Amino acid sequence: MQSTDCTAARRGRARRVAAAMLGATLATSALAARPDPKLDAIVDTVAARYHLAGVAVGVIDHGEVVYTRTKGERRAGTGEAIDENTLFKIASNSKAMTSTLLARLVQEGKLHWDDPVRKYLPDFRMNDPWVTEHMQVGDLLTHRSGLREGAGDLMLWPEPNAFTRKDILHGLAYLKPAYSFRAGYAYDNLLYVIAGEVAAAAGQDSYDKLLRREVFEPLGLSRCQIGGWSRDAVGNVAQPHAYENGHNVVVNADDANVPDITSAAAGGVRCSLDDMLTWARNWLVPTPAQLAWLTPAQRQIVWTPYTPMPISKHRRDWDGTRFYAYGYGWRLADVDGQFTVSHTGTLSGMYSAMVLLPNRQSGFVVLINSEAEDARTVLIETLTKHFTAPADTHDANWYADQLDADASAPEHKTPGPVSRPATVKDLATQLGQWRDPWFGTIKLCPRDGAVRFTSTKSPRLVGTVMRAGQRYLVHWDKGEVDAWMDFPKQPGEAMHMSKVDPKADFSNDFEDLAFHREHGCE
């Protein structure tokens, strides 16, 4: 009788051989790409207009990679050129990989989409006990939980912070719903973190190891990274940038040892352009081996529309979109009458996009290492029109001009409040330590003649309390979105916070905080 270790080792070798064989059938070669002056003009125009530190674009047509273009530097000023193997943070494009991991576990019989979350995570709690009992595995992926948009994201960002996945599991119970369960759409990240923990429990291994074993290795995504890894050993890693004073500067640079992050299942994957094109072809032109790896039935499930999404004016006017919905880690929509499957990814200084047109086995990937929301939007529109409306005469500058006009409209301008540093006397009765049940403790205490806000678990949220008329706000040292502070008017009431700019990114989730004062400054 063979030992368990020997049997496990043999199975491991067999799995690696099968993965290598499958990966070999899926490998994407940049040699297949050919020059395209029209696409070059799009990339060059966008890169110049938005001062991108770097960008990588790949286009697939009828299942084949027909175009790749890389431009710029991994780290501005170093001369280290971006190429097809450069790693980028793909941010929320990670969500489709998480849903695929769960689909693999469903296919293997280790869980079911309609299983209660508590079957795998007994400590799981939502604010509403009924929702706690009825939340299913599939619900974690569809942004219809009832949570406010971006609820609890301050446990994930800004990084680095000391929040753990256990903190998120604990904190969910204190996030009050904004609407009824399954009654509408509001993007969230925390439940994707929970989905990763469900995968870990069902697969009896860490999320990171499972994603490598069940997704990266079988598909030959040889450069993709998740969990902790060595920046220098892996090499060729793009750094995020901001454009300041006429120059691109690195922000949130990687340390030599890149740590595992709490948000991994929601947005922690890094991949190269070549790997992302391989990932895209896996969905567009599945081989027999690939269809055995993930069956057509599971592929259909993750591409099923579960939650209707609001359609923006731009989508209606530019694309004629009348259908827009969220599946399991994917957005589904009609564009110029054609079915598209897509997602975007956004992190500080890193933007990504993947758009697929399954009916014509075509699509594209965009990876950018700059603050580049408008640049990404313009690339998505112009590259999509390359397939859906090839006769369209609107170029990249036309879309960029439209976005600029919108941004300059009076209704989109929010002037900052006139403020001055609050004095210790102003806040004499408010100084001390405060606590929120999911965010933890903060301190409002004097230092160098000012009142300083410090957070125990989120060290980047440090700033000076300012007075604006009869209201107070905190101005963060590190450039985060300023937040109003509304102190209680009666003893026992909570201090609430909110974004000074109501249109700022929803992950600045100050609105879900409710601090109660515990004691004065020590």
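## Basis of the description

Because the model is predicted, local features need pLDDT of at least 70 and side-chain atom pairs count only at pLDDT 80 or more, while totals for chains, interfaces and linings use all residues. Residues are numbered from 1 along each chain as its sequence is written, and side-chain values use heavy atoms, with hydrogens and water left out.

## Nonpolar cores

The largest nonpolar core has 111 residues, and those with the most contacts inside it are Met97, Phe124, Ile194, Trp279, Trp330, Leu444 and Met497. Helix α6, residues 190-203, gives the most to this core, with nine residues. A nonpolar core here is a set of buried Ala, Val, Leu, Ile, Met, Phe, Trp, Tyr and Cys residues joined through side-chain atoms within 4.5 Å; buried means under 20% relative accessible area, exposed over 50%, and partly exposed in between, with a 1.4 Å probe and protein chains only. Helices (H or I, at least four residues) and strands (E, at least two) are DSSP runs, numbered from the N terminus.

Leaving aside residues up to four places away in sequence, Ile194 touches Val117, Leu121, Phe124, Leu140, Ile168, Leu169 and Leu172, where contact means heavy atoms within 4.5 Å. A second, separate core of 31 residues includes Ala47, Val57, Val355 and Phe387.

## A buried asparagine in a loop

Asn189 is found in the loop between α5 (165-171) and α6, and it counts as buried because its relative accessibility is 2%. Not counting residues up to four places away in sequence, Asn189 touches Ser92, Lys95, Asp153, Leu156, Trp157, Ala266, Phe506 and Ser507. With Asp153, the side chain of Asn189 makes a polar contact of 3.0 Å; such a contact is a pair of N or O atoms within 3.5 Å, and within protein one must be able to donate a hydrogen and the other to accept it, while residues adjacent in sequence count only if both atoms are side-chain atoms.

## Strand β19 and its partners

In strand β19 (residues 463-468), six of the six residues are buried. Two strands pair if DSSP finds at least two bridges between them. Strand β15 (residues 420-421) pairs with β19 in the antiparallel sense over two bridges, and Arg420 has Arg467 in β19 as its bridge partner. Strand β18 (residues 450-455) also pairs with β19 in the antiparallel sense over two bridges, with Arg452 opposite Thr464.

Six bridges join β19 to the antiparallel strand β20 (residues 471-476), and Val474 in β20 is the bridge partner of Val465. The hairpin of β19 and β20 has two residues between the strands, and in it Gly469 takes a positive phi near 65°.

## Aromatic rings and charges

The structure holds 20 aromatic pairs. Rings of Phe, Tyr and Trp (its six-membered ring) pair if their centres lie within 6.5 Å, and planes under 30 degrees apart count as stacked, over 60 as edge-to-face and the rest as tilted. Trp318 and Trp398 form a tilted pair, 6.3 Å centre to centre with 55° between the planes. This pair links distant parts of the chain, 80 residues apart, with Trp318 in helix α13 (residues 313-319) and Trp398 in helix α15 (residues 396-408).

Trp438 and Phe439 form an edge-to-face pair, 5.9 Å centre to centre with 80° between the planes, and both are buried.
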